[in-house]
Amino acid sequence: MNINSILITGGYGFIGSNFIRFLRKKLPDIKIYNLDKLTYAANIENLKDFEEDKNYIFVRGDIKDKSILEILYPKVDAIVHFAAETHVDRSIIAPGEFIMTEVYGTFNMLETMKNFKNIKLFLHISTDEIYGSIEKGSFKENSPLNPSSPYSASKTGADRLAYSYFKTFGLPVIIARPSNNYGPYQHVEKFIPLFITNALDNKELPLYGKGENVRDWLYVIDNCEALFLLLEKGKIGEAYNIGAKNEVKNIEIAKKIVNILGKDESLIKFVEDRKGHDLRYSVDWTKIKKLGWQPKKSFDEGLKETVEWYKNHRHWWEKVKRGEFSNFYKKYYKSEIQ
Ligand code: NAD
Ligand code: TYD
């Protein structure tokens, strides 16, 4: 589709910021609006290089706020909706904001869109976690959904709401269901960045349970390519799994990280398991493969590059660990709409 102007939600988060950078390379002239609430998970340094970009407009706002959407929607041809609360452990401790952001926030975005026929595509970013755990084999797009954490349950609500607005109201919705992403700019609360940065500081690596849980690790740029392909060639009303063929046990990843850094495996500490911890995620991504996508990065290569990135960006993650950004956002951040 022909895009002149796009709205990205959650563009200061991990995948959103990687996607904005990716999109700018692919489409140098389009106008990019980034609507982000700047929660603790956001990081304005992720897009520092965009400060001079006249066609990049940051708007600080909440997807739950209809009035901000009504200002932005007339200006754009497409939406990529990343904004969400994303950390499973936080959803176990404090699920309320997950329900509000994922479910109510996504509802608000879709409901508001009914009045804006100029928007040709709503690419909803869902997750492979909505299928729940699978011991053998892989889930297809039409497999039953069986989420097991408040995070994945609220993401399931959002996913199905997006579909319902296609089916019931004819909104141009496409749903992407990526597996676990990793790569530069990921918040240090997540498994791979936490283990890398702790290992760099010779701190313990808290491995849940027996470390036998399996995730299918997708390099974030490979994910960006898949999402971009869906913008161009995805079929309205369809959901697409995005996987990586990189299924690895957590314990193996922990060992790989300490080995890459030349540290001792004794840093790895087995700790109490996460409540309701899904054993294995696995999706069959034949459908998007048929559209012409497949991941390029091998896990070993991607992990080495990611370790290198965190080694070289200590100033970035030390600030995050100290909570400096959250404190700054709470005080003030200028936003503008043009
Ligand atoms: P993240 O936590 O790094 O970033 C989320 C961003 O959304 C932050 O910038 C935050 O400020 C913003 N945000 C949160 N609530 C908001 C609100 N109410 N209004 C506006 N902005 C708000 O997340 P991520 O890891 O980049 O994930 C992005 C999306 O991809 C999410 O929808 C997530 O569920 C999905 N996903 C992530 C992964 C992964 O491995 N990270 C895998 C599959 C799917
Ligand atoms: P995470 O990055 O939180 O992603 P998700 O739970 O959404 O898949 O966790 C990835 C895996 O790593 C998951 O099996 C839980 C595990 N994990 C640990 O063992 N220790 C930790 O400190 C964290 C944050 C995660």
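Among contacts in the protein between residues at least 6 apart in sequence, what share joins residues at least 24 apart? The figure is 83%. Keep in mind that this is a predicted model.

Let's start with confidence. The mean pLDDT of the protein is 96. A score of at least 70 is reached by 96% of the residues. Now the elements. Strand β6, residues 173–178, has the highest mean pLDDT, at 99. Helix α12, residues 324–331, has the lowest, at 67. Where pLDDT is low, the predicted coordinates should not be read in detail.

Next, the overall build. We have twelve helices and 13 strands. The C-alpha trace spans about 60 × 45 × 35 Å along its principal axes. Of the 338 residues, 58% are buried.

The accessible surface is about 14700 Å². Carbon and sulfur atoms account for 52% of that. The protein carries 51 positive and 45 negative charges. Their mean positions lie 2 Å apart.

You'll find Asn-250 in helix α8, which covers residues 250–260. Is Asn-250 buried or exposed? Its relative accessible area is 8%, under the 20% cut-off, so Asn-250 counts as buried. Which residues does Asn-250 touch, leaving out those up to four places away in sequence? They are Phe-191, Leu-207, Gly-211 and Asn-213.

Definitions and conventions:
Residues numbered from 1 in each chain as written. Chains lettered and ligands numbered in written order. Predicted model: local features only at pLDDT ≥ 70, side-chain atom pairs only at ≥ 80, totals over all residues. Heavy atoms only, no water. Helix = DSSP H or I, 4+ residues; strand = E, 2+ residues; numbered from the N terminus. Buried < 20%, exposed > 50% of the residue type's maximum accessible area, 1.4 Å probe, protein only. Contact = heavy atoms within 4.5 Å. Areas by Shrake-Rupley, 256 points an atom, 1.4 Å probe, with all protein chains shown as cover. Lys, Arg positive; Asp, Glu negative; His and termini not counted. Charge placed at Lys NZ, Arg CZ, Asp CG, Glu CD. pLDDT = per-residue confidence, 0-100.
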